[in-house]
2 protein chains.
Amino acid sequence: MGEMLGNFKRTHMLGLVREEQVGEEITVMGWVAKKRNLGSLIFCDLRDREGILQVVFTEDASKEAYDKADTLRSEYVVAVKGIVRTRESVNESMPTGRVELIGSELKILSEAETPPIMIKENLDASENIRLKYRYLDLRRPDMQRIFKLRSKAYMSVRAFMDQEGFLEVETPILTKSTPEGARDYLVPSRNYKGKFYALPQSPQLFKQLLMVSGFDKYFQIAKCFRDEDLRANRQPEFTQIDMEMSFIQIDDIIDLNERLVKKVFKDVLDVDVEIPFQRITYREAMDRYGSDKPDLRFGMEISDLTDAAGGTGFKVFNDAIEAGGSVRALCLKGGASMGRKDIDRLGEFVKTYKAKGLAYIILKDGEIKSPIAKFLSDETMSAIISRMEAADGDLVLIVADRNEVVFQSLGALRLELAKKTGMLDGSERFRFAWVTEFPLLERDEEAGRYVALHHPFTSPMEEDLELLETEPGKARAKAYDMVLNGEELGGGSIRIHDTSLQAKIFGLLGFSEEEAWERFGFLLEAFKYGPPPHGGLAFGMDRLVMFLAGTDNIKDVIAFPKNQNAFDPMTEAPDKVEEMQLSDLGISVEKQQ
Amino acid sequence: MGEMLGNFKRTHMLGLVREEQVGEEITVMGWVAKKRNLGSLIFCDLRDREGILQVVFTEDASKEAYDKADTLRSEYVVAVKGIVRTRESVNESMPTGRVELIGSELKILSEAETPPIMIKENLDASENIRLKYRYLDLRRPDMQRIFKLRSKAYMSVRAFMDQEGFLEVETPILTKSTPEGARDYLVPSRNYKGKFYALPQSPQLFKQLLMVSGFDKYFQIAKCFRDEDLRANRQPEFTQIDMEMSFIQIDDIIDLNERLVKKVFKDVLDVDVEIPFQRITYREAMDRYGSDKPDLRFGMEISDLTDAAGGTGFKVFNDAIEAGGSVRALCLKGGASMGRKDIDRLGEFVKTYKAKGLAYIILKDGEIKSPIAKFLSDETMSAIISRMEAADGDLVLIVADRNEVVFQSLGALRLELAKKTGMLDGSERFRFAWVTEFPLLERDEEAGRYVALHHPFTSPMEEDLELLETEPGKARAKAYDMVLNGEELGGGSIRIHDTSLQAKIFGLLGFSEEEAWERFGFLLEAFKYGPPPHGGLAFGMDRLVMFLAGTDNIKDVIAFPKNQNAFDPMTEAPDKVEEMQLSDLGISVEKQQ
């Protein structure tokens, strides 16, 4: 067992000792980061959450402390009492680099075996070992920095929401399965055998009910759960900044959230975000960027060549257009220098987005080189080049296909080219935008019905209400996403607050009246008793922190994340449980086939 | 469908309109609380989160608004534009009682059916109907008050913890089952069929690991889960203010938490709590109050009569003492006036705590009346009366039994008498105390092993380490509870941070080394790599809010609680799920027998 703290009381954090303390006796505690025995001197770097301080033990100052210091090894936990003095050889790279502590008393509070991972910045270790020894991984200064920043972000968000009159309300974790959306995590009930709670995918229904309750403004930093196959940057449990307001319209929510984001970036990073953000409709975002979360840090917009390229006798173009698709293209400035192989690779790239091919036009040394030139008249070629504003040295890349494929492939190609050609170097650090007027519904051809693009509670735009009767797929929603650097940071909508409209939407989504009532009856019932107009928004807290921390790995911003199989290598959850626990619940595990 | 907000924008909350606004045109929105049509005038009380404002519609001001107002019914949602004016007949009972709004434009945003419960204070409705229509129950002003107060409490706690250097860190909800303690809620895994996550009973292990990680000071307002049979004031999911600190001792935690509580009571209730709190050891609390959470708002302490009452020849006393028990008593001042039947009822009362009987001595009109007088010598009787400091008019109530029974029955009797005789009327509103030096272990006679009184990670007191070898049941722990008005508000301990001591405790708790490693291996492993001394505390957030709100029903402070069967009458969770959901998880529901 290590020594006891006894009458030692920490007076300073290691990383915060400065020249003001010179001459003072202080007591510090922390981990041994490094030890060097130079014979008459033992240098020891001690580490705590705030940083590192150099401690010196000499036989002169204390023979006992010196001897004990000689036994120290990495990651031992110690307490040191001593006098701060100015350091002879200043280390400007450390905030404490002008001072050192002369140790006169040393207690070894815990010993340590050699850790299986190094406690250092930018560790290059396998994810599995980092997760298994997460408590050591978190000891690394870069991880500590992220969690300090995350803590600051929580405080900043809450202070803002509180000041704006939002009430923080906790909604239940043990709730009801609503099979619309992703797969639910289920929790078997002991009292009602054969029945299950579900963990919430979001507090959506509860926050709407809080509006019916007259809470007026609600927020919560809420845990949400989705039992999905984990893609990169997905976790089975994740955190949302969730909010809802009554008696408001879209502009109110947008304005509030711009100010929220501005405050958080200021508080956490001391970065000034300019507001208001650019707004762009879904239609325009798709047309210009091939994406509903456009990265606006660079241009290279998509152009529509359908009219220029139509009726040319080129079968590929004609077929696409006749099938209701389009011909669209990007112009890569200076792209003409790209080799044939690289262009072929771009062709392969768009095929992963189901594009049948990638046509191109190279403008080089005053000449036009293109494998499709032979199919096009000179006028058509000129019209295309003129539409693309292409000049000598540029490369035009064309996709002709179903619109969905055209947008997806060119949108992805645009991002890929920007990355490859360094367009993002030195660009704005944070470029925000709102995407608005999303479609209300999407056709699920397989299921032969509509699905909600946002969620089933999203209000259609008033001007599109009639379309619900005639062409529901064309109706736009009062929905909006906040986009940052081409990623969705948050999204929300004005909700339906009318039982009959809500019932109509459920109908379009393929629910019979009975099914709708079985699943969402309490919401429909609630709407009978005076629901206010309301709307809200939810931010991905984890994603926000990723941006703030400058990491692209969600596991870096969650203290104890799961791996790609939703498994925690540290606790080994999920795990077997005792047979009695299952029989208590009235469930059994099916024999593996 | 109701009318749209259109160009209406709320300018004021209803409950906040004051004389400053007289003459202004304002726009308000809310629910119709009351409507009276007086012919030429329609009075309408509109309600929002902040209160009620009287709105007046006249044909003069607007015929259109007047006609529409005539159609209003309770709980309709409306928006009103109009001019504020001074009220002729001031209503001093309302904060808005000096003004009224003359409605010139009225929009009916939502209609409402007659609500199944009344939207009013102090509603007298069955719990089931309140929970089924929770969104209406929450619309009642007394419920809104509670949730405003709860929101304030969150903010107050977090601001304090942040200022004190605590980092807020989220710990996982999907974690591992640790069958020590209460029953876990389980979540079947889809990726690992036959294995389960468990919902955490507390973040205990994770917060200790965060200390191993060097986070130094952690806090979280955390959801916790216990699948227990619900007694009153228990909920399957509840909220803790959870914290942990490194390099500290008991006094540091106590001091911090006293300041935290002082701040919360000041911020939320504007009440000044005096600190430091009284501290009392577990032993003393049991001896004097028969409880480890003594209510110190009144005296009437328990006295030990064992030596005075021993060797008297009275078999009941002798048997109890010889079996290792004791004879103890309460003196109820003025209790001599109690009738025989009432005293008999007290005898019945202590029997529910397994006491075999309740002896009594009545001091009345200079005489001593007692059914046990004949068994006691005059000296013994005098000694008892003197020890009890009993005077004429008093009643002495005696229990002789096993110590456990003596303490439980007299402790409960003390509270019962205080309630019945009005001792708590006009007493201090909030009386805090710390109970310290809890036993480390309790003997579970049925299981034939020790169980942890606090939890298995609690550190023994240094001076009692040797007792672990000889008489583990006598070892005291570095554990402390915060008690308020006789209820436990929070509890914590200094933790073990040594693998070998932790392994020894697991051994005393009856775990084989293998079992201990299987369950808590990651903690034991973590302790190999330099764990700091650490300790912490957790408050029951729901209970704290109950005190702040002055309610004794936990369901009043949780927005969407479950009923006594862990069922939510509103959403009807838990509920059946689709067969495919179960087959995805590889589990099946056992046929009911």
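What do the buried residues of α7(B) pack against? They pack against β11 (278-281), α12 (403-420) and β17 (432-436) of chain B. Contact here means heavy atoms within 4.5 Å.

Some ground rules. This is a predicted model: local features need pLDDT of at least 70, side-chain atom pairs count only at pLDDT 80 or more, and totals for chains, interfaces and linings use all residues. Residues are numbered from 1 along each chain as its sequence is written, chains are lettered from A and ligands numbered from 1 in the order in which they are written, and side-chain values use heavy atoms, with hydrogens and water left out.

Back to helix α7 of chain B, residues 282-289. Helices (H or I, at least four residues) and strands (E, at least two) are DSSP runs, numbered from the N terminus. Which residues of α7(B) are buried? Y282(B), A285(B), M286(B) and Y289(B). Buried means under 20% relative accessible area, with exposed over 50% and partly exposed in between (1.4 Å probe, protein chains only). These residues cover an arc of only 105 degrees around the axis, which puts them on the same side of α7(B). That arc is taken from the directions from the helix axis to the C-beta atoms. After α7(B) comes G290(B), with a positive phi near 65 degrees.

Next, strand β5 of chain B, residues 99-110. Ten of its twelve residues are buried. β5(B) pairs with β4 (residues 77-86) in the antiparallel sense, over ten bridges. There, V77(B) has S110(B) as its bridge partner. β5(B) also pairs with β3 (residues 51-58), in the parallel sense, over two bridges. V55(B) is partnered by L101(B). Pairing needs at least two DSSP bridges between the strands.

How many residues does the contact take from chain B? It takes 130, and 130 from chain A. 100% of the interface residues of chain B are also interface residues in chain A, so the copies meet through the same surface.

Finally, charges. The rule finds 20 salt bridges across the interface of chain B and chain A. Each is a side-chain nitrogen of Lys or Arg within 4 Å of a carboxyl oxygen of Asp or Glu. One of them joins D227(A) and R190(B), at 3.2 Å, N to O.
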